[in-house]
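Here are my notes on this one, written to be read with the model open beside you. Have a look first, then go through the points in order.

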Amino acid sequence: MTNSKAYSVIRKIIYAIVIILAVIAVFVGVYAYSLINNPNYITVGVGESYTLDVKQDDYVVRSYEASVITPLQGSTVMAHEVGDAVVGVKYSYFDRDFYRFVVIPAPERIKLNSYSVHLGKGESTKISGSCVNGSHEFTLTYSSNNTEVASVDNEGNITAHSGGKCKVHAKAYNNINAICDVIVSEAPVSFSLNAESLTLGKGETYLLEPVFNENEYSNEVTYTSSDETVAQILNKNELCAVSEGTCTITATTFNNKTAECTVTVKKAATEVSLIAPQKCRVNTDVRLIVSIPDGYASNEQEIIVSDPTILEIDKNDKTLLHAIKKGTATVTVKLANGVSDSVDITVDNYKKASIDFDIINQFPTLPTGCEVVSLTSVLNHYGFDVSATKMADKYMPKKEHDYFNVSPHDYFLGTPYSYDNGMGCFSGCIVKTAENYFEDKNITDYGALDITGCKTEELFNYLQNGVPVITWVTSSFSSPVVDGVWYVNDEKITWYEREHCLVTTGYNEKDKTVTVADDAGGYTYTVSLSQFKNVFEGTGSMAVVILKK
């Protein structure tokens, strides 16, 4: 009996152990099940609260690492220090949820994708911000300090309401703050692009930019191509030339206003010529011509100067150089595909120059055709056998004078054969006349350059290199007097009394004189430097040179 009683006691103990192990297994199973169904840690920052998703009204919240996570009132817990923690929610003895937390340092600063936004009235955009510790992004709240100008929702979507400025705040749970400055202008009524037309070589790129009227703006501008086999938009506004042809790029604002750019794609240039005076004077400007064969193109052209202390590239015009001091520098033009050409330019204190030049008399045949006569004289000087009448009849663009529709920059106004029905033309028309002649005769080693806007001293650089300059002045160098002003396509045209064109052939700094070959009589004479400068620059500094490539 004693052994039987002992055996019974042992059996009861074993049963009890089994029951205890079973209970433990249930609890472990419940715990494991809960963790399996909550596979990811909930990440919070030190000092941040988190509200648990409880399933019933009757529950108890317990933290197993109270120094890391502490329960607050209800189902909310608070993170106190960096570390890992498990929080349990007990509903009944066998029904509970478990949450796994990782606590990281509180954020110290907020990073925004944009700290300033410019919008048109009625436009919306989204800013996004993050305060990142490790790989975690904290939730931000957004607010505007002036909702009449622009409002913002909880997702960072800003909407512009009226003209003005305001600040949008992005704030983290611990009150650290970042600010985005918002400017609201009127929605665009119209706009343009930074290029109305482009000629690119195959493979080249170009960044298109919108140009808005004052007090108008659109943050969103989308670009589309009429033929993506010719040119397409790679990124937001980067245009890429794909293949030869012509297409139209259309830019559209948020309020559906549009602007266009015509794009012509040619073969990528395989050669390039740099044309520039090889001699120039200290403290004068030097203009460069970059020449690419017909049928080829390159919009991307880099100008490189071997010694910028001698020749400095103008900040706004890469084809304009400023001569700083005496010396010789090599100037190179380099295309995007690596094709290049160079020229050596010597800067010195040159004091005089003189060109042996024969001028044609415009009278009696071309009484108002001084411009085309001057051009013909220069062409003859270079050895081209052509008459002034042939140039006037076949190559010079001409139209009857129309104050509202015809510009002397593009056409000779009237006829050069008549006093009564002939007025004249400006530099652009003479450049076109020369180009028409060169194209017709298949002359590729000479080109016409419009240097309008240059100072008198820049003309001397060309003379120093043996290049005569077609120059607009007044008859007998009378003081400039405005005869009339009109507009053609918003372009202001100013015409001076006794407008005249001749060829400048020399200068002498010591004597302070300038030599000109005047087609009004067909003779050469000198005028004082001061008188020449007053008339030439006083009538708009118009000039053209013919250069050998």
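1. Start at Gly 422, which sits in strand S41 (helices, H or I of at least four residues, and strands, E of at least two, are DSSP runs numbered from the N terminus). Gly 422 is buried, at 16% relative accessible area; buried means under 20%, exposed over 50% and partly exposed in between, with a 1.4 Å probe and protein chains only. Setting aside residues up to four places away in sequence, Gly 422 touches Thr 368, Phe 412, Leu 413, Gly 414 and Thr 415, where contact means heavy atoms within 4.5 Å. Asn 154, by comparison, is 268 residues from Gly 422 in sequence and 71 Å from it in space, C-alpha to C-alpha.

2. A word on what you're looking at. This is a predicted model, in which local features need pLDDT of at least 70 and side-chain atom pairs count only at 80 or more, while totals for chains, interfaces and linings use all residues. Residues are numbered from 1 along each chain as its sequence is written, and side-chain values use heavy atoms, leaving out hydrogens and water.

3. How confident is the predictor? pLDDT is its confidence in each residue, from 0 to 100; the chain's mean is 92, and 92% of residues reach 70 or more. Over residues 32–39, though, pLDDT stays under 50. Where pLDDT is low, the predicted coordinates should not be read in detail.

4. Back to the sheet: it is open and mixed, with three strands in the order S39-S40-S41. S39 (398–399) and S41 (422–424) are the edge strands, each pairing on one side only. S39 and S40 (residues 412–414) run parallel and are joined by two bridges; pairing takes at least two DSSP bridges between strands. Lys 399 has Leu 413 in S40 as its bridge partner.

5. Now helix H3 (residues 388–395), where Ala 388, Met 391, Ala 392 and Tyr 395 are buried. Seen down the axis, the buried residues of H3 fall within an arc of 120°, so they line one face of the helix; the arc is taken from the directions from the helix axis to the C-beta atoms. Their cover includes helix H2 (370–381), S39 and helix H4 (427–440).

6. Which residues of H5 (456–464) are buried? Eight of the nine are, including Leu 459, Phe 460 and Tyr 462. Just after H5, Gly 466 takes a positive phi of about 75°.

Key
pLDDT is the predictor's confidence in each residue, from 0 to 100.
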